[in-house]
Structures are given as C-alpha cells and as structure tokens.
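Please open the model in your viewer and keep the selection tool at hand. The stops below go from a pocket to the chain contacts and then to a pair of charged side chains.

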Amino acid sequence: MLRGFNAVYDSLPYILSGIPITLGLVALSIALGLAIGVPMAIGQTYGNKETGRLISLYVWLFRGLPNLVLLFLFFFGVFPMLGIRLSPFVVAAIALGLRSAAYQTEIFRGAFLSLGEGQMLAARSLGMSKRKAIWNIMFPQAIRVALPGWSNEYPILLTDSSVAYAIGVMEILTRGNQMVTRTYQPMPIYFTCALIFILLNFGGIRLIHMIENLIRIPGFGREEQ
Amino acid sequence: MDSLLFIQNNLLSALWEGWGKTLRLIFMSVPFGLIVGIFIATGRVYGNSPLMFICRMYVLFFKGTPLLLLLFMIYFGLPPLGISFTPFTASVLGFILCMGAYSSEYIRGAIQSVKTGQVIAAQALGMTRWQSVFSIVLPQAFCRALPGVGNEIIYLIKYTSLAHIIAYIEVTGAGKIVAARFFRFTETFVVVGIIYLIMVSVATKLLKILEKRLSFPGM
Amino acid sequence: MNNTPVLKVQDIHKSFGNVEVLRGVSFEVEKGETKVFIGPSGTGKSTLLKCINQLTIPDRGNVWLNGREIVHSHVKINLYRQQMGMVFQNFFLFDHLTAVRNVEISLIKVKRMNRKEAREKAMEELSRVGMADKANSYPAELSGGQAQRLSIARALAMDPEVMLFDEPTSSLDPELTGEVLDVMRKLARGGMTMVVVTHEMGFARWAANEIFFMDEGVILESGPPAEMFTRPRFERTRRFISRMTELYAEEQSDG
Ligand SMILES: Nc1ncnc2c1ncn2[C@@H]1O[C@H](COP(=O)(O)OP(=O)(O)OP(=O)(O)O)[C@@H](O)[C@H]1O
Ligand SMILES: [Mg+2]
C-alpha cells in the first residue's frame with residue numbers, strides 16, 4: 001500500500017507532464033477535423049453529386065478503420081514510403097484528425113440539412129452569392145446547431161488519443177507505462193492515469209458547456225430551464 | 001505485382017488466422033457487453049439510491065478511462081493483486097466493461113422514453129415491479145436504443161484492434177508481425193483496413209435490417 | 001422611357017419532372033402599381049414569384065426589370081435580385097441574427113456599406129415597419145406579425161425597385177394579419193411597386209390596380225378589383241372569390 005503510494009508520488013510529475021501532450025494531440029486533431037470536416041460538409045450539402053459521392057467515400061473509409069490501423073498505416077507505411085519524416089506526435093495528430101474529420105463531416109452535414117432551404121432562399125433573394133450565403137447565413141447557424149454533437153468529439157478524442165502510445169507518443173499513458181516498468185506498481189499508477197483522464201474529461205466538458213452557454217442565442221441549442 | 005505476391009503468399013494466411021481471433025473477440029464481447037449495459041441502465045433508472053450511485057460511478061469511470069488503459073489495468077495491473085487472466089480473457093473483459101458503460105447510456109435514455117403508464121399497467125395485471133421492467137419496459141426500450149447501441153457495436157469492432165497490445169494476436173497484431181518481418185507496412189495495413197471495412201459494413205447492414213425488423217408502429 | 005414597365009414578365013413556363021406548373025404566364029407592372037395574384041393552392045403562384053427573381057430558373061420565357069432583360073448569368077443575377085425584394089410566407093428570417101442584424105447583413109455583405117451607415121439605414125427600415133423597439137431581439141423572440149414585418153424591413157433595406165410578396169399573412173394568426181397588412185398598405189400608398197400573392201380579399205380590393213386569377217399554371221382572367229369582385233367572366237373565378245371573401249368576413253367578425 002505504502003509502496004504503491006510512494007510509486008505514485010514519485011511518478012506523478014513525470015506523468016502529469018504528459019497532459020500538455022495529450023491535450024495538444026486532442027486539440028490539433030479536433031482542429032484538423034474541423035478544418036477538413038466543415039468544407040466537406042458544405043461540399044456534401046451544397047456541392048454537386050460527384051463531390052458528394054467522393055466525400056461520402058472519405059467518410060465511409062475513415063469511419064470504418066480503427067485508429068490503430070490508421071496510425072500504423074501512416075506511421076510505418078504511407079509517410080516513410082513517401083519519404084516524409086514526421087514525429088510520432090504529428091503523425092498521431094494527422095491520423096486522429098483525419099478520422100475526426102469524417103465524424104465532424106457527418107455532424108455538420110446534419111446541421112446544415114436541419115436548417116432547411118428557406119434560409120438559403122432568403123439569402124439569395126437579397127442578392128447574396130451562394131458563397132456569401134453559405135458563410136454568412138448557413139455556417140453561423142450550422143455551427144450552433146452542431147455544437148452539442150460537436151463537443152462530443154472532445155471526450156471521444158481524449159480517450160482515443162491514448163492509442164498514440166502504440167507509436168511512442170509521450171502522452172499520459174505512455175509515461176504511465178514507463179513508470180510501471182520502473183516501479184513495478186502497475187495498479188496504483190494505472191489508476192492514477194485513469195483519474196487524470198477522467199478529470200480532464202469532465203473538466204473539459206464543463207468548460208465546453210460554459211462556452212456553449214456564453215454563445216447561446218434564442219432559438220438555438222438546449223433551452224435554459 | 002510484387003505486392004500482390006507478398007499479399008497472396010505471406011500476408012493472407014496470417015491475417016486469416018488473426019481475423020478469426022478478432023471475430024472471437026467480437027462475438028464474446030458484444031452480447032455480454034449488452035447484458036452489462038442493460039443491468040447498469042436498469043439500475044440507474046429503477047434502482048434504489050445506493051445502486052443508482054454505484055451504476056453512475058461505473059459509467060463515469062469506464063467512459064472516462066481510455067480502453068487501452070483499461071486493458072493494461074486488467075492484464076498487467078491485476079496479477080500483482082493475485083488475479084491473472086489470459087490475454088483473450090483480459091481483452092474480452094475490458095471490452096465488456098467498456099461496452100457496458102457506453103451502451104447503458106443509450107439504453108437508459110430509451111427506458112426513460114417508455115411511458116410510465118406501461119409499468120403501472122403491467123403491475124395492474126399482477127406483475128411485480130421487476131417483472132414488469134424486464135418483460136414490458138426493456139423489450140420496448142431495446143428497440144429504441146438499437147441505433148445508439150448499434151453504433152457502439154461498430155466502435156467495439158474497431159476497438160478490438162487494441163487486443164494485440166496485451167498479446168492477443170488478432171488481425172491487426174497478426175498484420176503488424178508480418179509487416180515487420182517483410183518490411184511491408186503499407187500493403188499490410190491497407191489489407192488489414194479492408195478487413196475492418198468489411199466487418200463494419202456488414203455489421204452496419206445487419207443492424208439496419210434488425211432495426212427495421214424490430215421497429216413497431218408508433219415508435 | 002416613361003412607359004417602360006418596372007417589371008415585365010413574358011410567357012413563363014416551368015415544369016417539375018413531368019408536371020407542368022407554369023404554362024405561359026405574362027404580365028406587366030408599372031411604377032407604383034400593386035398587382036395581386038389570387039388562385040387555388042398548387043396553381044404555381046409561389047413558383048411564378050421565384051421565377052421572377054430566378055430563385056427557380058424558368059424553362060422558358062423572359063423577365064425584364066426596368067427594360068433590361070434578366071439573364072441567368074451567375075454574377076449579374078445577384079445584382080438583379082438586389083433590386084427585387086422578396087417576402088416569404090414563412091418569413092425565413094436569419095435565426096442567428098438579431099432583428100437589426102437581419103436587416104443590415106445584406107447591406108454590409110452585398111452592398112458593401114460600412115457598418116455605421118448600415119446600422120443607421122437598418123434602424124430607419126425597422127422604424128418604417130414599427131419594429132425599432134425590437135431591434136435587439138432574435139427571431140425566436142418575435143411574434144409572427146413582428147417576424148413578418150421584420151422580413152419586410154429586411155427586403156426594403158436593399159431599396160428594391162419592386163417588392164414580391166408570397167402570401168405574407170398566410171402563416172399568421174388572424175389577429176396578427178392586420179399589422180402586416182397595415183405595413184403593406186403604407187408601402188402601396190408610398191408608391192412602392194408590388195406584386196402580391198394573397199388570399200386577403202380586403203387587401204386585394206383596396207390595394208390592387210389589377211387582380212390576376214391564376215388557375216392550373218395560367219392567368220385565367222384579370223381585371224381591376226371592381227370588375228373581378230362584381231362580374232368575373234368565369235364561374236371558377238366567381239366561386240373562388242366568394243369563398244375567399246366569406247372566409248375573410250369570418251375572420252373579421254372573429255377578430
Ligand atoms: N421544387 C419543386 N419540386 C417539385 N415540385 C414543386 C417544386 N416547387 C413546387 N412544386 C410543385 O409545383 C406546384 C405549384 O406549387 P406552388 O408552390 O407554386 O403553388 P402555389 O400556387 O404557391 O400554392 P399555395 O397556394 O399552396 O402556396 C405544386 O404542385 C408543387 O407541389
Ligand atoms: Mg405558394
């Protein structure tokens with residue numbers, strides 16, 4: 001018991017310094033997913049048929065593959081084959097981000113579809129071009145409709161980010177494992193890691209709800225009770 | 001050409017065996033995961049307050065903990081405490097616990113959407129509280145929960161790829177070993193990826209059919 | 001020059017699949033005139049209005065605005081649409097913007113006005129429809145009548161040559177139609193050129209220079225209100241008008 005406590009005490013600083021790496025990985029993946037997902041959702045909703053099909057194919061592909069397979073494919077396969085040398089962290093962010101993009105495409109597509117065609121008609125009737133209508137009228141509404149589903153990507157990516165362990169990214173779980181081999185106290189250390197993930201999870205969700213409340217406007221999202 | 005030969009001669013037989021193990025993981029984990037999910041969900045809705053609390057903590061812990069970490073806890077963390085599992089059992093146990101937590105959320109939502117009148121009507125017929133829950137509420141709830149639960153099944157299929165990290169060599173692990181021996185990573189993981197796409201697509205299709213079968217008028 | 005109509009519509013045809021919704025519609029509107037379209041549901045009135053500003057592209061036929069033909073080219077069409085305000089049955093307000101932002105967004109993004117000018121102009125338009133005190137409300141916080149008045153202000157802000165109204169009061173509770181019709185009467189008196197699809201026979205009688213009765217994709221007959229209300233040529237027209245007038249009378253006595 002005491003040995004376990006000591007092991008945790010000694011390992012804690014090292015494990016905690018994995019937090020920025022885990023969160024950085026999550027943030028980069030979400031950002032990449034957003035940067036790709038939103039244009040793809042727009043392409044799927046307002047683009048022509050071929051674009052739509054291509055994007056559906058992307059979504060099907062990246063939703064069907066396990067994170068781990070994507071990681072291995074990119075880290076050991078695709079990037080070395082192309083002669084591109086990237087750090088495990090960057091590869092993990094790319095793989096997780098490309099996958100998140102598929103999910104975010106679905107989330108935003110649903111949001112755009114939910115707006116109905118009236119908003120577009122009204123915008124066009126005022127002389128807005130399609131592009132202006134999408135960016136000024138449809139997108140700001142879609143992002144609000146999508147917000148609850150979209151913020152779900154955070155806990156998903158947070159827990160999924162630990163697969164980056166498999167290619168040696170120095171995130172929380174990797175560090176925890178290193179300390180396990182050093183201290184021979186697996187359960188206390190794994191439990192500590194779990195607590196860190198759980199706290200990051202619920203802390204993050206809290207923060208997201210606060211932001212949601214801040215930008216809430218009448219007619220969108222969960223109504224105040 | 002070279003790649004095709006490699007795939008045909010070296011890869012497929014190894015993956016074939018791994019695929020069988022992946023399927024074993026899936027078929028063991030899904031039913032038991034669902035059963036756990038049903039119990040947790042029922043406990044959260046109908047249990048007394050200590051049971052409710054335990055169920056809530058269960059969900060909080062297993063949803064918040066990365067699955068890979070959970071597998072480590074079971075496979076490496078428990079033996080020093082005197083509990084040891086084979087890689088297969090440890091993997092399946094981890095998947096069941098995780099799937100139980102995630103699917104219980106959908107089942108709970110579905111239970112709550114079944115009108116309270118249903119329980120009262122069942123009790124009026126002489127059923128006990130738990131009888132009415134299990135024979136009237138849960139079957140209805142299950143139909144409603146199916147789309148969400150189905151999603152979790154799809155997730156689980158993909159998550160089985162984690163098992164090789166705790167030494168159960170399923171299809172991803174089998175691929176990794178062959179790829180490393182022949183230094184053929186791209187071809188290997190493309191083929192492994194195709195295997196997952198097949199499993200996920202078939203599962204999606206089956207779930208759609210099941211959803212259609214189970215839906216009843218007025219749902 | 002003086003007798004060029006503001007809007008001239010000639011021989012518009014439109015089919016959806018193999019259903020021919022518009023089968024050759026022509027009419028003209030002079031400056032300051034109000035033309036009212038009436039007719040049973042599904043006869044293509046909404047489609048006609050959308051064909052005028054090319055939200056729906058007609059299969060055949062031409063539209064002239066102030067003597068210039070509207071061709072459906074990608075760039076120019078946005079310029080034409082700025083000159084044709086449109087008001088929809090279901091408002092279609094921009095739900096994420098406050099009332100005043102609803103009015104100014106097109107001024108800023110389309111007319112490239114600076115923010116201060118746009119805000120002033122938007123407030124002016126809100127006052128014009130009696131909505132100045134609701135400037136900072138979101139659409140979800142407005143009543144149907146207020147929402148429709150706001151959507152009129154939004155269209156007016158672009159200083160259109162002609163306003164197209166598609167059943168502006170049909171989705172409103174009877175007691176709210178009055179405030180919207182008041183705004184429209186004011187516009188008519190102020191010399192706005194208007195094309196109005198409506199079932200409000202009282203408004204049609206009062207405001208219209210000419211009433212068109214549409215049936216199955218064509219204008220079955222047209223004439224000044226006095227003529228259309230008292231001695232229409234077709235039995236169908238007579239029956240439609242008398243049924244609508246009865247409904248209208250009922251609503252009046254209810255309210
Ligand atoms: N985008 C479309 N695709 C297919 N059919 C359409 C479309 N728009 C309209 N229609 C059809 O065209 C016909 C005419 O519709 P329209 O909305 O113009 O009628 P309306 O005279 O405005 O009727 P209402 O009084 O009910 O508004 C209807 O049968 C409608 O179903
Ligand atoms: Mg209509």
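**A tour by selection**

By class, the lining of the second largest pocket comprises 8 nonpolar, 6 polar and 6 charged residues, where Ala, Val, Leu, Ile, Met, Phe, Trp, Tyr, Cys and Pro count as nonpolar, Asp, Glu, Lys and Arg as charged, and the others, Gly among them, as polar. This is a predicted model, in which local features need pLDDT of at least 70 and side-chain atom pairs count only at pLDDT 80 or more, while totals for chains, interfaces and linings use all residues. Residues are numbered from 1 along each chain as its sequence is written, chains are lettered from A and ligands numbered from 1 in the order in which they are written, and side-chain values use heavy atoms, with hydrogens and water left out.

**Stop 1: the pocket**

The second largest pocket holds about 560 Å³ of space. A pocket here is an open set of points on a 1 Å grid over the protein atoms alone, where a 1.4 Å probe fits, with protein on both sides within 12 Å along at least five of seven lines, and its lining residues have an atom within 4 Å of a point; the volume is the space filled by probe spheres set on the points, which are joined across faces, edges and corners. Select A:Met120, A:Arg124, A:Lys130, C:Leu55 and C:Arg81, which of the 20 lining residues are the closest to the centre of this pocket. Then colour α6 (117–125) and α7 (130–151) of chain A together with α2 (76–82) of chain C, the elements that give two or more residues to the lining; helices are DSSP runs (H or I, at least four residues), numbered from the N terminus.

**Stop 2: chain C against chain A**

Next, show chains C and A together: 25 residues of chain C are in contact with 21 residues of chain A, contact meaning heavy atoms within 4.5 Å. The buried area, that is the accessible area (1.4 Å probe) that the two parts lose on being put together, summed over both, is about 2000 Å² for this pair, with carbon and sulfur atoms giving 67%. On the side of chain C that touches chain A, α2, β6 (84–87), α3 (99–109) and α5 (144–156) each supply at least two residues, and the residues of that side divide into 13 nonpolar, 5 polar and 7 charged.

**Stop 3: chain A against chain B**

Now switch to chains A and B, where the contact takes 35 residues from chain A and 36 from chain B. The area buried between them is about 3000 Å², of which carbon and sulfur atoms give 77%. Select A:Phe72, A:Met187 and A:Tyr190, which supply 17% of the area that chain A buries against chain B, more than any other three residues. Chain B itself has 8 helices and 0 strands, and its C-alpha trace spans about 70 × 45 × 25 Å along its principal axes.

**Stop 4: a charged pair**

How many salt bridges are there between chain A and chain B? The count is 0, and between chain C and chain A it is likewise 0, a salt bridge being a side-chain nitrogen of Lys or Arg within 4 Å of a carboxyl oxygen of Asp or Glu. Over all chains the count comes to 23. To view one, select C:Arg128 and C:Glu125, whose side chains meet in a salt bridge at 3.0 Å, N to O. Both residues lie in helix α4 (residues 115–128) of chain C, 3 residues apart, about one turn of the helix.
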